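Subject: The two-chain model, with notes

Hi,

Here is the structure I promised to pass on. Please have it open while you read, and my notes follow below.

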Amino acid sequence: MIITKQKKFEDLVRSVGGEPVFLVGCSECATLCHTGGEEEVLAMKDALEKRRIPVSGWVVLDPACHLNNNKRLLKSYKEKLGKSKSILVLACGNGVQTIKEIFDNKDVISGTDTLFLGEITRVNLFDKRCNLCGECLVNLFGGFCPVSRCPKSMLNGPCGGAKGGKCEINQDLDCVWDQIYNYLKQRGKLHLLEEIQKPKDWSKSLEVRRKL
Amino acid sequence: MKSKSNLEKVLLNGNFAVTAEIGPPKGSDPNSIMKKAKMLNGYADAFNITDNQTAVVRMSSFAGCSILLKMNMEPIMQMTCRDRNRIALQSDILGASALGIKNILFLTGDHQSFGNHPSAKGVFDIDSLQLIQIAKNMRDNGMFQNGEEITSGRPDVLIGAAANPFANPFEVRIDRLSKKITAGADFIQTQSVYNLEIFTKWIDDVRANGFDKKVHILAGVTPLKSVNMTNRMKFHVPGVDIPDTIYKRIKNARDPKKEGYSIALETLLELKNINGIHGVHITALFWEDIIPSLVKEASIHTTP
């Protein structure tokens, strides 16, 4: 899932200005991480209106990253959209740009910062699990990804800086190499770590389009 | 003077400056650079040593510059943002200055996918404009990028930048040059000039904006050595503009090498008389031995 967090409300007020705004949320990731579901979109509407910023309408797209679906869903909001000067999107960086593609005469404003691709670990807790590097290596490491979960992306870790299983740069981060080692040891597969992993092919992360 | 650079002295005296490029070897043998340097000594005011150009691994620019210094020649170190982050770049600016390097050309760098290690991870922590700004701030205000003070010795280097008069779209070229001047560029080395018509339009715009008074502009000249090289430059190297007239001249020539030399000489003679140009930068990749006769025939190197 794409994990986002809302930008500071005061920054959004500044970006929107005093003119009418239309709000867009997303039914998928932004709903699940409570940045752009119906609840958050309505809360944003209230907060903006309290600041006397007119909200001309709102919608939660299903999902915001689907270009043609968006065009279809937004048809019934034509009038409300027409009254707005800008569109505030509470979805990931992809959602914002898909909306932008539809409107070239309105300011499309991102209401969130996109943080990472991660899991819902438990309620209100999200952890990074993937860097979208284009060539998945988790099979080499017992199902763990050191590319995204080790700050140095070490393929031949650990670096030696972890203490008590916690990363040297962030006490909230479990050392993924500690996890890999313990897991493989328990499974009797430590021999998998004997091989020196070759430098990664980062060119795989340069893909920008996939066509079926 | 901002630096103790000989190049800066030449430029400030209003003399027509000549810089020449020396490509370092794909190996550790210093003789290859020394040989080229000896041949070119006296034919240019300063010598660029490239930084893993086109993302192909070669001896570092830093080491090449250090070899030139030992030969009492003035190097222009090249520095790209592809392989180093802001920590390494700032550290190398300090180190270069400590060793006596007085000119640095700052570039973003060719993408690694063009080179011989396409699977490498590109760093691109910062871009050339940011790096120019950082270098200027280090030199003039004694400050690192993070705002911390430089405690023992500011790097007094002359700051170089690149400009491409042929990039698309046209409007962007002048805006970007303007930004590089604002960021702190002292001299500009341009992309190789083959299309004099477009280049003249660009330099007209440069003059109209008064930029030729704010920065020293050295026009790039790269002699075409063969039909193969011309093909590659025309169709595969991004940002190069070889007009059809030049292309045909090389293609139809009985001796393409000789024709390439003539074109380069004609270009140098034209550039010499363009108002707003303060010098030329000659890049003769793996053909450095023609530079002395080009410089002599064009009689462009006036400063001893």
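Into which domains is chain A divided? There are two: domain 1 covers 2-115 and domain 2 covers 133-197, with bounds that come from an automatic or database domain assignment. Taken over C-alpha atoms, the centres of these two domains of chain A are separated by 38 Å.

A word on conventions before the details. This is a predicted model, in which local features need pLDDT of at least 70 and side-chain atom pairs count only at pLDDT 80 or more, while totals for chains, interfaces and linings use all residues. Residues are numbered from 1 along each chain as its sequence is written, and chains are lettered from A and ligands numbered from 1 in the order in which they are written.

Now the sheets of chain A. Helices (H or I, at least four residues) and strands (E, at least two) are DSSP runs, numbered from the N terminus, and two strands pair if DSSP finds at least two bridges between them. One open sheet has four strands in the order S3-S2-S4-S5 (chain A), paired in parallel. Strand S3 (55-61) and strand S5 (107-110) of chain A each have a single partner strand, so one side of each is left without a neighbour in the sheet. On average, neighbouring strands here are turned by 20 degrees against each other, direction ignored; axes are lines fitted to C-alpha atoms, for helices over the stretch in contact, and angles run from 0 to 180 degrees between N-to-C directions. Strand S2 (residues 21-26) of chain A pairs with S3(A) over six bridges, and A:Leu23 has A:Trp58 as its bridge partner in S3(A). Helix H6 (residues 93-102) of chain A lies across S2, strand S4 (86-90) and S5 of chain A, at about 175 degrees to S5(A).

The other open sheet has three strands in the order S1-S6-S7 (chain A), and its pairing is antiparallel. Its neighbouring strands are turned by 70 degrees against each other on average, direction ignored. Strand S6 (residues 112-122) of chain A is joined to S7(A) by five bridges; A:Arg122 stands opposite A:Leu125, and A:Glu119 stands opposite A:Asp127. S6(A) and S7(A) form a hairpin with two residues between them, and A:Asn124 in the turn has a positive phi of about 65 degrees.

Most residues other than glycine have a negative phi, and most peptide bonds are trans. The bond from A:Asp62 to A:Pro63 is cis, with omega near -10 degrees, and A:Pro63 is in the loop between S3 and helix H4 (67-74) of chain A. A:Gly157 and A:Pro158 are also joined by a cis peptide bond, with omega about 0 degrees. A:His34, although not a glycine, has a positive phi of about 55 degrees.

How many residues of each chain meet at the contact between A and B? Five residues of chain A are in contact with five residues of chain B, contact meaning that C-beta atoms, placed from the backbone, lie within 7 Å. In chain B, leaving aside neighbours within four places in sequence, B:Val280 is in contact with residues including B:Val18, B:Leu218 and B:Ile300.

Best wishes

Technical notes
Two residues are in contact if their C-beta atoms, placed from the backbone, lie within 7 Å.
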